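Here is a walk through one predicted model, going from helix packing to sheets and then to the cores. Have the viewer open as you read.

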Amino acid sequence: MEHFTKDFKVGKCEGQKVVDGETMPLVLQPPEPNSSNDVESLVLALKKNKDWFEQMLIKNSAVLLRGFNVQNAEEFNDIIETFGWDDIRYVGPAPRTHVHKRVWTANEGPLSEFIYYHHEMVLIKEYPKKVILFCETPPPEGGETPFVPSFRVTERMLKEFPETVEEMDANGLKYSFTAPSKNSTGSMRGRGWEDTFGTSDRAEAEKRANALGMDVEWLPDGAIKTILGPRSLTKVFDGRKERRMWFNTVVGMHGKEHSSALMADGTEIPANVVNRCEQIIEEESIQFKWEKGDVLFFDNLALLHGRRPSLPPRRVLVATCK
């Protein structure tokens with residue numbers, strides 16, 4: 001059993017699971033019921049235990065700080081900056097708003113929509129290693145942030161579709177996504193290309209897209225179609241028990257209105273494979289329910305995450321780190 005520091009008490013939360021001997025999420029609370037649970041004390045404890053905390057994050061894939069009375073984006077940012085992790089700019093379709101320093105809103109698309117499970121920025125050349133979320137306003141109903149141990153999806157898909165999975169992994173998959181020029185919060189994928197690439201100049205946007213590993217095609221209505229790939233289906237990362245992570249977005253992009261996922265030669269991925277993968281991901285999911293002030297750390301190399309539909313209001317903020 002690993003050593004636990006006296007600066008935190010290990011707790012439990014609704015939906016928590018033990019997967020291959022690892023508790024997901026690991027819940028850390030103030031050490032004593034009547035102890036100081038202000039953010040200043042939390043920051044001091046995290047500074048003192050930085051290495052240990054990062055080891056726990058890699059081991060358990062998700063760590064939840066609960067009961068520390070975190071109130072706002074400023075305090076959330078103080079927690080993030082404690083670790084000295086480099087910031088990484090978000091590149092993707094989700095409409096987001098900058099809030100404070102390293103803090104942004106999470107996907108501002110309609111709360112009625114389900115945001116499908118994904119590794120953050122999975123198709124971009126440089127993706128974050130850590131995704132940190134803070135619940136400022138928990139929803140009255142729904143709005144969970146479910147997550148999935150990625151290696152479990154690979155294990156089960158290999159058992160059921162060994163030849164297809166190995167073929168897709170060896171040859172890679174091609175993806176495409178269409179984005180409008182301007183942002184729209186009417187869709188969970190409504191981020192415009194001007195915001196995504198930080199410019200309204202087409203030539204500069206194309207240059208920046210190419211630097212991220214994308215080819216582009218301009219559409220008559222001013223939208224941009226980005227083409228990525230081929231990308232491998234799984235990845236193995238250092239320090240994670242040689243597990244093959246399901247590091248792709250096959251289900252999330254396959255056959256959608258503004259996106260596609262295809263075999264490397266441009267042919268369709270077998271529908272039964274995609275459908276079964278969707279079932280497996282849901283079966284392996286851990287349904288995490290927010291409480292006000294929660295700060296949840298994800299190992300983005302090990303977990304897919306999503307968002308359940310909810311009633312308003314719901315406000316969850318996010319930071320992404322290298």
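Axes here are lines fitted to C-alpha atoms, for helices over the stretch in contact, with angles running from 0 to 180 degrees between N-to-C directions. On the H4 side the contact (heavy atoms within 4.5 Å) is made by Met 157, Leu 158, Lys 159 and Glu 160, and on the H5 side by Pro 162, Val 165 and Glu 166. Helices (H or I, at least four residues) and strands (E, at least two) are DSSP runs, numbered from the N terminus.

A word on ground rules: this is a predicted model, where local features need pLDDT of at least 70 and side-chain atom pairs count only at pLDDT 80 or more, while totals for chains, interfaces and linings use all residues. Residues are numbered from 1 along each chain as its sequence is written, and side-chain values use heavy atoms, with hydrogens and water left out.

Now the sheets. Two strands pair if DSSP finds at least two bridges between them. In S18, His 305 stands opposite His 118.

A second open sheet is made of four strands in the order S12-S13-S11-S16, again with antiparallel pairing. Its edge strands are S12 (214–218) and S16 (259–263), and its neighbouring strands are turned by 20° against each other on average, direction ignored.

Some of the strand pairs, side by side:

| Pair | Sense | Bridges | Facing residues |
|---|---|---|---|
| S1 and S4 | antiparallel | three | Val 10 and Leu 28 |
| S4 and S5 | parallel | three | Leu 28 and Leu 65 |
| S11 and S16 | antiparallel | five | Lys 174 and Leu 262 |

In strand S4 (residues 26–29), Leu 26 and Leu 28 point one way and Val 27 and Gln 29 the other, yet all are buried. Buried means under 20% relative accessible area, exposed over 50%, and partly exposed in between (1.4 Å probe, protein chains only).

What about the cores? A nonpolar core is a set of buried Ala, Val, Leu, Ile, Met, Phe, Trp, Tyr and Cys residues joined through side-chain atoms within 4.5 Å. The largest has 68 residues, and those with the most contacts inside it include Phe 147, Met 157 and Phe 298. Helix H9 (residues 271–283) gives the most to this core, with five residues. Leaving aside neighbours within four places in sequence, Phe 298 is in contact with residues including Leu 57, Phe 147 and His 305.

Finally, look at Trp 85, in the loop between helix H3 (73–81) and strand S6 (98–100). Trp 85 is buried, with a relative accessible area of 8%. Not counting residues up to four places away in sequence, Trp 85 touches Glu 54, Arg 102 and Cys 321, among others.
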